[in-house]
There are 2 protein chains.
Amino acid sequence: MTSAPEKAPSRDGSVQDAGSLSRAGDLFQLLRDGRARTRAELAITTGLARSTVASRIDALMNSGLVGPAGEASSSGGRPPSRFAFNPAARVVLAVDVGATHVIVAVTDLGGTVLAERRLKQQVADGPDVVLGRVVAEGLELLGESGRGIVDLAGIGIGLPGPVEHATGRPVKPPIMPGWDGFDVVRYVQRSLPVPVLVDNDVNIMALGERTAYWPDHDNLLFVKIATGIGAGIISSGELQRGANGTAGDLGHVRVPRGDDVLCTCGNHGCLEALASGMAVARRLAANGLEASSGADVVRLVAEGNLQAIQALRQAGRDVGDVLATVVNLLNPSMIVIGGSVGEAGEHLVAGIREVVYRRSLPLATSHLRIGISMAGDRAAILGASQMVTQHVLSPAVIEATLQATG
Amino acid sequence: MTSAPEKAPSRDGSVQDAGSLSRAGDLFQLLRDGRARTRAELAITTGLARSTVASRIDALMNSGLVGPAGEASSSGGRPPSRFAFNPAARVVLAVDVGATHVIVAVTDLGGTVLAERRLKQQVADGPDVVLGRVVAEGLELLGESGRGIVDLAGIGIGLPGPVEHATGRPVKPPIMPGWDGFDVVRYVQRSLPVPVLVDNDVNIMALGERTAYWPDHDNLLFVKIATGIGAGIISSGELQRGANGTAGDLGHVRVPRGDDVLCTCGNHGCLEALASGMAVARRLAANGLEASSGADVVRLVAEGNLQAIQALRQAGRDVGDVLATVVNLLNPSMIVIGGSVGEAGEHLVAGIREVVYRRSLPLATSHLRIGISMAGDRAAILGASQMVTQHVLSPAVIEATLQATG
């Protein structure tokens, strides 16, 4: 609940209510597309009075979020000024925590990466070690980019396990000892007092891939195939996390072919036990090949090893078996295959396509694209940045910011 | 694009821009919860000036959407008036077209059914016959409710096949000869010139069930089990239709147990070929029982026939096999089982629960409820009404209405 604002005189001397001044955020949402506009254009598009547009533009210029963008051509007299969103106004710290690596990046509000650092780091070292390092490296990276904490709009963090997004706490993450229920937000905010948003890594990979490469696809599925298998779901343009934040868990869906394969979860026939990088490596090793990880599978396929190629294509068919169901259920227009094994080539995707186009409904596959991730190992960084800007540039937060500073 | 509005004097004589007047819709969205509020309460909650609130309330009173709601208690002087949403202001025509029936109902803007008529009607008679009858019966029903076309806010229609929601056209519906690509909206609007919204019946059943009985469940799956099998998906509080409007098609997901059963779609082992009312009836008939439809299955189960009970429970397990995947994927907090066979009792749901709780991830089932539809055969009517009110009471449409009439 906010208190009723006072009436404020506007630039042209008339009295207008602060309610409309507080609507500067609406104008900002319009300008977020990056296109430069004059005050007159903004008045026509929004239906607002020109005096109102002028005062709102002033408030946005004061915040730095909107800047001058050159002059428009004019039929005579002084050419009118144009204004546009200024993505350089603030920066975001984007963090991708993997099982054995951490990537820390500084981006602007448009998702452009300004600086980036890749570290070897075991997530199993626990939250104190990992997040302590994230904060220290983040501060250094900010400095190297010529920016300070005062420029930081927020921090986005992806973690390799289930996360309760509302609180930012990991929930029983299998490969993250010491992290269960840890208050990631409070820990990071002790050093960096800005909004901190945390999510599962596959969710933010979906967000990053879609924002950067497929903005027109409102129904997109991102499937990560690496040591494990998981998915991020975008429906109606929004990331879907489900009731407890576990949506997209494809890894433990049952695949008929695998009924005699025991999974680490205790069930038989889970997709992950059949088609993950680790599962394929195990099968190849049993056949005498040197393979102990997904990376080894990728290497063998790159070397043209026929057994590895066949195994990867079969893994693709198994993934396709599950995706055929997902396609009937969610009717996406785009499926992106990512993760270290997923990015490894067409053999996997060929197996996926083979089964999906055979098993899914014709109506659901008539316009369906299946392709390899374009964002690659930057998907999570791009998504972490996007998660933060979606929040800090949202109408509600922009209103609050402008009212606090204006 | 709208033209810039003129400045208009407000009630207290000050000049304010029409931009804020056009925001009467924001006030309305606040009042939609049905709670009565005074002008002062509205000013505090919204942060708007009291003069602005007064003029917006006037506009909403003129439209009839908001009405007086008695007087608030006061510490002295004249007690202030209170205002609330008036769901009786307009009515909705809600239509549920099934394979062999049509239900036409008149509801108010709050989804309360004012009048209802149930007709025997084959959808296969084609759109001219079926929609002609819908219009004629709808007009009669309006008259019986003491309302006219002028009171009609819109018409919502559910059809038993895939529908392109944006255009309201059926897309290759298997059991609806003559309907493929038919312009339902234009046909109905020739007689009733109001907004017409069309969707797949299972989608609006999900909407109706959720709105009427589970408003707190933002992630809900409605599974219809009748002659066929389908689902309506609500994620993040929104109905999800997918890229081509085919989302929720569970009927043709492959069930391992059914690999030797041919489905009408040409594939083997589809859920519908194993567990629909028709499939169960066929199996019972092969064992010498008198069963040729889902209704017969329901009757036999009600009579305590052990074979029918066992068959229905097995159908539940087959449905559960597919729902276990859906639960991992979407992480709903509520699964509602509906449709004529789905409503028939606990045997089916018991089979579903058995498999879902065994196969899905513990994190995803820890707070999951699985239950039988509360809305029953009114789910589609309630959903059709809700689909219309969601549209005609949305901020954008309310703004446009108020600007046109104000």
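**Aromatic pairs, a sheet and a helix crossing**

Over all chains of this predicted model, the count of aromatic pairs comes to six. One of them joins Phe28(A) and Phe85(A), whose ring centres lie 5.4 Å apart and whose planes stand at 80 degrees, an edge-to-face arrangement. This pair links distant parts of the chain: Phe28(A) belongs to helix H2 (residues 24–31) of chain A, Phe85(A) belongs to strand E5 (residues 81–85) of chain A, and the two are 57 residues apart. Both Phe28(A) and Phe85(A) are buried.

A further pair is found in chain B, between Phe182(B) and Tyr187(B). Here the centres are 5.8 Å apart and the planes meet at 50 degrees, so the pair is tilted. The reason lies in the cut-offs: planes under 30 degrees apart count as stacked and those over 60 as edge-to-face, while the rest are tilted. Is Tyr187(B) buried or exposed? Its relative accessibility is 14%, and Tyr187(B) therefore counts as buried, since the limit for that class is under 20%. In chain A, Trp179(A), Phe182(A) and Tyr187(A) form one aromatic cluster.

The next feature to consider is a sheet. Five strands of chain A make up an open sheet with mixed pairing, in the order E15-E14-E13-E16-E17. Its edges are strand E15 (238–240) and strand E17 (369–372) of chain A, each of which pairs on one side only. From one strand to the next, the twist averages 25 degrees. At one end of this order, strand E14 (residues 229–235) of chain A pairs with E15(A) in the antiparallel sense over three bridges. Within this part of the sheet, Ile234(A) stands opposite Leu239(A) of E15(A).

Elsewhere in chain A, two helices meet. The axes of helix H3 (residues 39–46) and helix H4 (residues 50–63) of chain A come within 9 Å and cross at roughly 115 degrees. The crossing of H3(A) and H4(A) is right-handed. Which residues of H3(A) and H4(A) meet? From H3(A) come Arg39(A), Ala40(A), Leu42(A), Ala43(A) and Thr46(A), and from H4(A) come Arg50(A), Val53(A), Ala54(A) and Ile57(A). Sorted by class, the contact of H3(A) with H4(A) has six nonpolar, one polar and two charged residues.

Methods:
Residues are numbered from 1 along each chain as its sequence is written. Chains are lettered from A and ligands numbered from 1 in the order in which they are written. This is a predicted model: local features need pLDDT of at least 70, side-chain atom pairs count only at pLDDT 80 or more; totals for chains, interfaces and linings use all residues. Side-chain values use heavy atoms; hydrogens and water are left out. Two strands pair if DSSP finds at least two bridges between them. Helices (H or I, at least four residues) and strands (E, at least two) are DSSP runs, numbered from the N terminus. Axes are lines fitted to C-alpha atoms, for helices over the stretch in contact, and angles run from 0 to 180 degrees between N-to-C directions. A crossing is left-handed if the near helix is turned anticlockwise from the far one by less than a right angle, and right-handed if clockwise. Contact means heavy atoms within 4.5 Å. Ala, Val, Leu, Ile, Met, Phe, Trp, Tyr, Cys and Pro count as nonpolar, Asp, Glu, Lys and Arg as charged, and the others, Gly among them, as polar. Rings of Phe, Tyr and Trp (its six-membered ring) pair if their centres lie within 6.5 Å; planes under 30 degrees apart count as stacked, over 60 as edge-to-face and the rest as tilted. Buried means under 20% relative accessible area, exposed over 50%, partly exposed in between (1.4 Å probe, protein chains only).
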